[in-house]
Amino acid sequence: MQKNALHILLADDDEDDRLFFKDAFEEVRVQTKVTFVHDGLQLMEHLLTPDVKLPDILFLDLNMPKKTGKECLIEIKKTEHLKNIIIAIYSTSSSEEDIEDTFIEGANIYIKKPSDFNTLKKIINEVVTLNWHYHTSGLNRDNFLLRLK
Amino acid sequence: MKLFIKFDINTICTLFLKEKLEEQNMNFTTLGFGEIELDENLSVEALETLKNNLNPYGFEVVENQKSVLVQKIKDAIIELVYMDDNNNFKSSVFLAEKLNHSYGYLSNVFSEVTYSSIENFIILQKIERAKQLMLVNEMSLTEIAFLLNYSSVAHLSTQFKNTTGITPSAFQRIIKKRRENLK
């Protein structure tokens, strides 16, 4: 599919969830390189490090201590060199209001956190494939909205 | 008199490539060992020009034939989806005729390289066009369904929801609010 691995950044304060994602990424067909951060502050610090390689997709947990996912999302979208990163929000909340709200703030993908491993793998596959199409087929990223359950 | 000149092949090649790419106004990073990452995707013509510019010097752009075919399939699909009078074409026939391969072969190569099917890609592009028609041309769903050959508005709505996870009206609402936020 591509020579270089897809660079994924994942921000989540829960260690179990991080492991859950890590295992799932290892099993998807597309080659990925996953970096983890533990909370919102660490995430912003990482993204604002000079010369850091920006991720192709950022997976962002909505509920994090110190700085919430939503605060990070707003900050990223306001920062010129970060605002084009594709952002996948995931959360246990499935309130329509929360979902629409994060889309309006600029998220591209909203994932309802699944409880079983196979669903997670399926979701990640879908996100990665679709992101690749957006990358290579001249699709408009501003119109890239995807909700996965 | 005799001079002995020591040279480094790698430096020469890197510098030469740099010059040639700059001639074509490309932004790029060299990754070493002949690998170059371009900041944008090249059109088929630009890639041809680059190949022609490099060939006389013994440089050759190595490419994966299957990836090239997939790009051609994608281009043909986009052409089909953006044709305003595509009633007469069945996508499988259109692709097979345009690319001179059987649809079965095209379909296999596409899945192998992209991990997704041609059918899915066509739907993705149609929904993408529907989004544009909605936002840019401010067309109604009824008009869009007609233009894109859907049997009914309900069919378009369902496919939109299945592809993006949200309804067309929620999509419009979100983009509208996003734009208001930017003001």
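**View 1. Helices H3 and H5 of chain B pack at an angle of about 110°.** Helix H3 spans residues 65-81 of chain B, helix H5 spans residues 103-114, and their axes lie 9 Å apart. Axes are lines fitted to C-alpha atoms, for helices over the stretch in contact, and angles run from 0 to 180 degrees between N-to-C directions. H3(B) and H5(B) are therefore roughly perpendicular to each other. Angles of 65 to 115 degrees count as roughly perpendicular, under 35 as roughly parallel, over 145 as roughly antiparallel, and the rest as oblique. From H3(B) come B:Lys66, B:Ser67, B:Leu69, B:Val70 and B:Ile73. They meet B:Leu106, B:Val109, B:Phe110, B:Glu112, B:Val113 and B:Thr114 in H5(B). Two residues are in contact if their C-beta atoms, placed from the backbone, lie within 7 Å. By class, this contact has seven nonpolar, two polar and two charged residues. Nonpolar covers Ala, Val, Leu, Ile, Met, Phe, Trp, Tyr, Cys and Pro; charged covers Asp, Glu, Lys and Arg; the others, Gly among them, are polar.

The model is predicted: local features need pLDDT of at least 70, side-chain atom pairs count only at pLDDT 80 or more, and totals for chains, interfaces and linings use all residues. Residues are numbered from 1 along each chain as its sequence is written, while chains are lettered from A and ligands numbered from 1 in the order in which they are written.

**View 2. Chain B touches chain A through 19 residues of chain B and 17 residues of chain A.** On the chain B side, H5, helix H6 (118-135) and helix H9 (168-182) each supply at least two residues. H9(B) gives the largest share, six residues. The chain B side divides into eight nonpolar, six polar and five charged residues.

**View 3. Chain B has nine helices and two strands.** Helices (H or I, at least four residues) and strands (E, at least two) are DSSP runs, numbered from the N terminus. The order from the N terminus is α-β-β-α-α-α-α-α-α-α-α. The radius of gyration of chain B is 23 Å, well over the 16 Å that the globule rule gives for 183 residues, so chain B is more spread out than a compact globule. The radius is taken over C-alpha atoms, and the rule is 2.2 Å times the number of residues to the power 0.38. The C-alpha atoms of chain B fill a box of roughly 85 × 50 × 25 Å, taken along the principal axes.

**View 4. Helix H3 of chain A (residues 69-78) has buried residues.** These are A:Gly69, A:Lys70, A:Cys72, A:Leu73 and A:Ile76. Buried means 20 or more other C-beta atoms within 10 Å of the residue's own, exposed means 12 or fewer, and partly exposed lies in between; C-beta atoms are placed from the backbone. Seen down the axis of H3(A), the buried residues fall within an arc of 155°, so they line one face of the helix. The arc is that of the directions from the helix axis to the C-beta atoms. Their cover includes helix H2 (40-48), strand S3 (57-61), strand S4 (86-91) and helix H4 (96-104) of chain A.

**View 5. A:Phe144 lies in the loop between helix H5 (117-136) and strand S6 (146-148) of chain A.** With 19 C-beta neighbours inside 10 Å, A:Phe144 counts as partly exposed. Not counting residues up to four places away in sequence, A:Phe144 touches A:Asn108, A:Tyr134 and A:Leu139. A:Tyr134 is ten residues from A:Phe144 in sequence and 8.1 Å away in space, C-alpha to C-alpha.
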